[in-house]
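Please read each point beside the sequence and the structure.

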Amino acid sequence: MDNFSLIESDFVFPQRLTLFEQVSKTLAEMICHGKWAPGEMLPNEIELAHSFNVSQGTMRRALNLLVDKGALIRRQGKGTFVAEMRANEAYFQKRYIKLVPDDPEKDECVPTATKLLFFDRVVAPLEIQTILKQTSEDLVVHTARALMASSGLVTFDEIWARGKEFEKLTQENLLNHKEKLLYSFYQTELGVSIGRCEETIKAALLPPNLCYMFSMPSPTPVIEIRRIAYTVNDEPVEYHRQLCITDKYHYAPMPEA
């Protein structure tokens, strides 16, 4: 025992979910696997509680977790529905779009034109494999876009997406989808429902090759946003890197409810 040392970071107790968290997780998995389609109403709390053999209070707390995540939407006097992003884009734009115009009367809240820089299916670098829980045998979608508004360039988007979930993603539908919100397109056309994101931001410089390609001064300062998107049952399916031009736009996180 004299040679034994306990490193605190290596000693991790397993996380134990409460009953309502377990129920919420199971509901999320059922939604993710198509038990209820986007826009479809769930059975009422009493029926769900009976089918899960839990109290109505436990079921209500389980549903509340999914409402907070944006996976479910409650409609007063009607019931609880699987969130359909296309029908509720204004809400989800506030939830997920953090880059907003300095002057909304002059510039669009969502870019209106897209230029595809490349689109490939490749084996991801080790860092991306780890983030997306992929192996060296798994192909992922790797694509990049330049997004523009009427005032000019707004952001460069680099996307890594798990190949299995995004097998329906093509150059054509990525460029031509009608939904304003990318995650709405994922849900409607690809069957991938995003439930939450983890995001970090920092100051950066636009890479010289992009400065040259778009006739911008080098160096050009940008905000770099790195985002991991998870499905409603907490599977990481997309890694998104944005380089945001800030002369007419700024980062504004969604205010707490």
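1. Strands β1 (residues 72–75) and β2 (residues 79–82) run antiparallel and are joined by four bridges. Strands are counted as paired if DSSP finds at least two bridges between them. Within this pair, Ile73 has Phe81 in β2 as its bridge partner. The two strands make a hairpin with three residues between them, and Gly77 in the turn has a positive phi of about 80°.

2. This is a predicted model, in which local features need pLDDT of at least 70 and side-chain atom pairs count only at pLDDT 80 or more, while totals for chains, interfaces and linings use all residues. Residues are numbered from 1 along each chain as its sequence is written, and side-chain values use heavy atoms, with hydrogens and water left out.

3. The protein chain has eight helices and 10 strands. These elements are DSSP runs numbered from the N terminus: helices are H or I with at least four residues, and strands are E with at least two. Along the principal axes, the C-alpha atoms fill a box of roughly 65 × 65 × 35 Å.

4. An open sheet is formed by six strands in the order β4-β5-β6-β9-β8-β7, with antiparallel pairing. Its edge strands are β4 (113–123) and β7 (194–205), each of which pairs on one side only. On average, neighbouring strands of this sheet are turned by 15° against each other, direction ignored. Strands of a sheet pair through backbone hydrogen bonds, either parallel or antiparallel.

5. Within that sheet, β8 (residues 221–231) and β9 (residues 236–244) pair in the antiparallel sense over eight bridges. Ile223 has Cys244 in β9 as its bridge partner.

6. Helix α7 (residues 182–190) lies across β5 (139–149), β6 (152–162), β7, β8 and β9, and runs at about 150° to β9. Such angles run from 0 to 180 degrees between N-to-C directions, with axes fitted to C-alpha atoms, for helices over the stretch in contact.

7. Is Ser184 buried or exposed? Ser184, which is placed in helix α7, has a relative accessible area of 0% and is therefore buried. The classes are buried under 20% relative accessible area, exposed over 50% and partly exposed in between, with a 1.4 Å probe and protein chains only. Leaving aside neighbours within four places in sequence, Ser184 is in contact (heavy atoms within 4.5 Å) with Met85, Arg86, Glu89 and Glu179.

8. Some backbone angles deserve a check. Most residues other than glycine have a negative phi, and most peptide bonds are trans. Lys133, which is not a glycine, has a positive phi of about 60°; Lys133 lies in the loop between α5 (126–132) and β5 and is exposed, with a relative accessible area of 54%. In the loop between α8 (208–213) and β8 lies Pro219, which is joined to Ser218 by a cis peptide bond with omega of about 5°. Ser215 is also placed in the loop between α8 and β8; its phi is positive, near 55°, and Ser215 is exposed at a relative accessible area of 69%.

9. As for the chain overall, buried residues make up 41% of its 257 residues. Of the contacts between residues at least 6 apart in sequence, 62% join residues at least 24 apart.
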